[in-house]
Amino acid sequence: MGGFALLGAGWMWLLPLAALPVIFHFAYRQRRKKLPMPSLLFFQRLEPRLQSRKRLRDILVLLLRALAILLVLLALARPLWQGLGGGGPAAVVLVVDNSASMRASSRGAVTSATRLATALDAAGALVANLGARDRAGIVLSVPDTWVPALPELTSDRARLRAVLDQVRETDASGEPSAAITRAAALLAADSSSRREIHVFTDLQEHEWGASPAGSLELPPGTVVTVHRILAGEAPVNATLAELRPSDRASLAGRPSQMRATITNPGGKDAAITVSVADDSGHHLAQTSTVPAKGRIDLPVAIPAAAPGMHWARVWIDGDQLAGDNDGYIAFRCAAKRSFALVGVRKDFGTLPLALAPAADGSLSGLAPSYIDVAGMRAALEAKPVLLAIPWDVLPALDPALLESVRAYVDHGGRLLVAPRATANAKGSQQNPQAPPALPSWIGVAGAAPVGNAAGIPLMALDARASLWRDLVGPDGAVRLGRARAFVALPLTFDQGNTGDKGATGALGLEDGRPIIAERTLGAGVIYVSGIAFAPSWSTLPLQPGFLAIAQAMALPPAGSDAGLRLLAGEAPRLPAGTVTGPARARSVAGAAFDWQGASDAPGGLPPFPRAGVYALSIGDQEFVVSVRASPGEGLPGCVAGDTAPALGALRHRVEDFHGGDDMVAAWRRGRTGLEAMPWLLALAFAAVLAEGWLANRSLVRPRAVQSSSVGMPAGAAGGLGGGADGKPGSDKGRAA
């Protein structure tokens, strides 16, 4: 496991400074000057050899100076040759994948162990074999507030072991890039010459198969090793893919509706039990089978509750992976509401019974109120959820009252206009007459009635209409039943006077002519029906789906105060305008959780790693957070090969985990390394010494000059160079 790394790579940018001696030499070299000399005899003989020596010395001096600077800069860059012996203390960060997929079984000697248990054993083996001067830290792929955080690396192995002992399964998906970034921050704050990151994960495709959104950066010389925990046999798994409440308001005394979507990403059918429990102690269960690579949608009814905030839990039993089975949802029950009908009960056929089986609203949360035209103004001030007016009454209202009706709709009211159920349906067929014109802001007009004693089949015209919200099947078709109309007023639309949006047909005859239309006006909705809700007009009131149609007309949309809904592993996304400050989050239902901090601190609010209901307070603001398991954790498939795409361009290697002993042995073999900084500094010092010695060494050695070698008289030679014994003017020299 050899390799080369620069622990201080930033110094490499200064390498051009090694050329400074050469630049100074050529920029400031001395120019030759002519000096008058009495004789050039000796210089003519010595000059060629002297100049060549001087040039060679200058070149060597320049090279030694440049080499000294180069070696110093390389030493500051701290090169490390791994696998060459030596080493020293290391900074080690253990990244443990605690995502929900790690709750599945691992492959190995102990087949019953979960992948997380195997990963923790492997991480514990490395902690046990750390050197006395090694420092280590632990990072989780899913941050968990119940696991003690290590703000910096430590050499306390007991403390590290205690942190590993606190790691538990989560219901969340991990973020590999975020975990590596946190590990890099711990390493950057440590001065150890060797840096390592060890990742223990199953390399699930959902988390590790995609490239990171941005580039990942590590301290220089960091060695990244991914220990792949081998997955066992693919589990038979069902996933709680979605848990959504009704978009209609939940009313006190009325069961709250929601829908659960269960998927099966595997290749085998999953026989499961779907259970529901609420905060009042009610518990319901139903069995079902999810086909391989299929899905089912299950309606979930929560028993009636008192006004206020409530929660429910939906979970799956019977499959082999629990990490994607759990979900919580919070919802608010409003107080009982009333709906107003202008007229008497028999004018509206079966509609009052469909809306309020009990007159006091105890079964549906809706209570009827019958009024006359004189009482309409007071009724509108009470803001009923629905105002139902016979077709012939609305156009006859005085303009001021008519304007009040329009204002009621503009501010979120729901208006229903329909023929009287007491009208003579047979007479309408025998004497066809167009109904009175409705106000122009309605945007709908009625044509002369049509009918057939055998009945005209009815059909849903637009599956997206709000009437069909609870009748649309998984295939997008409306389950209307075999409804027929004996008499009906076909509708036409006046698109020029429809306000916000034009009216659309929801229910029509088999030839496509609409007989029930809906449109929005301001914040409210208008429904215009060309049939009365009585069996003498059609068989629609006798169909099971009529109850859902009537409720869809009357129930207002759900409010926006049901709280925040998250997937496990996500941090809360607060509404715009939320004031930041001291915050606290604590569990209401589900896994234990208690956190305090500042919502505007770095990192902000913590993610919720497990399904549950949580109360979040920020200053004097209160939020309810409902969390369900991440459905992506149930997807099969793990990354194969020698690289992990989630690490992007980071240099790393992937090793299959086959046991702690083999992993520790391989880790020890890779712990050797040679840091070249001391050797480079020693060479730089030697280069400085050599440069100093060479720069101050004389190029000319003193020596005696022989007369015969220059062709001079003996006296001249003696006069210039001295006697034979080296003493000037001596007798022995003169005799010679």
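**Confidence**

This is a predicted model. The mean pLDDT of the protein is 84. A pLDDT of 70 or more is reached by 84% of its residues. One stretch needs care. Over residues 704–736 the pLDDT is below 50. In the model, that stretch has 19 contacts beyond near neighbours in sequence. Where pLDDT is low, the predicted coordinates should not be read in detail.

**Empty spaces**

Rolling a probe the size of a water molecule over the atoms shows where empty space is left. Start with the second largest pocket. Its volume is about 870 Å³. This pocket is lined by 31 residues, and the closest to its centre are Ser-246, Gln-257, Arg-259, Arg-469 and Asp-470.

Now take the cavity. The structure holds 1 cavity of 30 Å³ or more. The largest cavity has about 60 Å³ of space. Its lining includes Asp-347, Phe-348, Gly-349 and Leu-351. Ile-389 and Pro-390 also line the largest cavity, as do Ala-418, Pro-419, Arg-420 and Ala-421. Ala-532 and Phe-533 complete the list. By class, this lining divides into 9 nonpolar, 1 polar and 2 charged residues.

The table gives the place and relative accessibility of each residue.

| Residue | Loop between | Relative accessibility |
|---|---|---|
| Ser-101 | strand S3 (90–96) and helix H3 (115–128) | 3% |
| Asp-171 | helix H4 (157–165) and helix H5 (176–188) | 8% |
| Leu-203 | strand S5 (194–201) and helix H6 (205–208) | 0% |
| Lys-383 | helix H8 (376–381) and strand S17 (387–390) | 59% |

Is Ser-101 buried or exposed? Ser-101 counts as buried, because its relative accessibility is 3% and the cut-off for buried is under 20%. What does its side chain reach? The side chain of Ser-101 makes a polar contact with the side chain of Asp-202, at 2.9 Å. Leaving out residues up to four places away in sequence, Ser-101 touches Arg-115, Asp-202, Gln-204, Glu-207 and Glu-633.

Asp-171 is also in a loop. With a relative accessible area of 8%, Asp-171 is buried. Its side chain reaches the backbone nitrogen of Ala-611 at 3.0 Å. Residues that Asp-171 touches, beyond four places away in sequence, include Ala-100, Arg-103, Gly-323 and Ala-568. Pro-609, Arg-610, Ala-611, Ala-629 and Ser-630 are touched by Asp-171 too.

Most residues other than glycine have a negative phi. Leu-203 is not a glycine, yet its phi is positive, at about 55°. Lys-383 also has a positive phi, near 55°. Lys-383 counts as exposed, because its relative accessibility is 59% and exposed means over 50%.

How values were computed: Residues are numbered from 1 along each chain as its sequence is written. This is a predicted model: local features need pLDDT of at least 70, side-chain atom pairs count only at pLDDT 80 or more; totals for chains, interfaces and linings use all residues. Side-chain values use heavy atoms; hydrogens and water are left out. On a 1 Å grid over the protein atoms alone, a cavity is a set of points where a 1.4 Å probe fits but cannot get out, and a pocket is an open set with protein on both sides within 12 Å along at least five of seven lines; lining residues have an atom within 4 Å of a point. Grid points are joined across faces, edges and corners, and a volume is the space filled by probe spheres set on the points. Ala, Val, Leu, Ile, Met, Phe, Trp, Tyr, Cys and Pro count as nonpolar, Asp, Glu, Lys and Arg as charged, and the others, Gly among them, as polar. pLDDT is the predictor's confidence in each residue, from 0 to 100. Contact means heavy atoms within 4.5 Å. Helices (H or I, at least four residues) and strands (E, at least two) are DSSP runs, numbered from the N terminus. Buried means under 20% relative accessible area, exposed over 50%, partly exposed in between (1.4 Å probe, protein chains only). A polar contact is a pair of N or O atoms within 3.5 Å; within protein, one must be able to donate a hydrogen and the other to accept it, and residues adjacent in sequence count only if both atoms are side-chain atoms.
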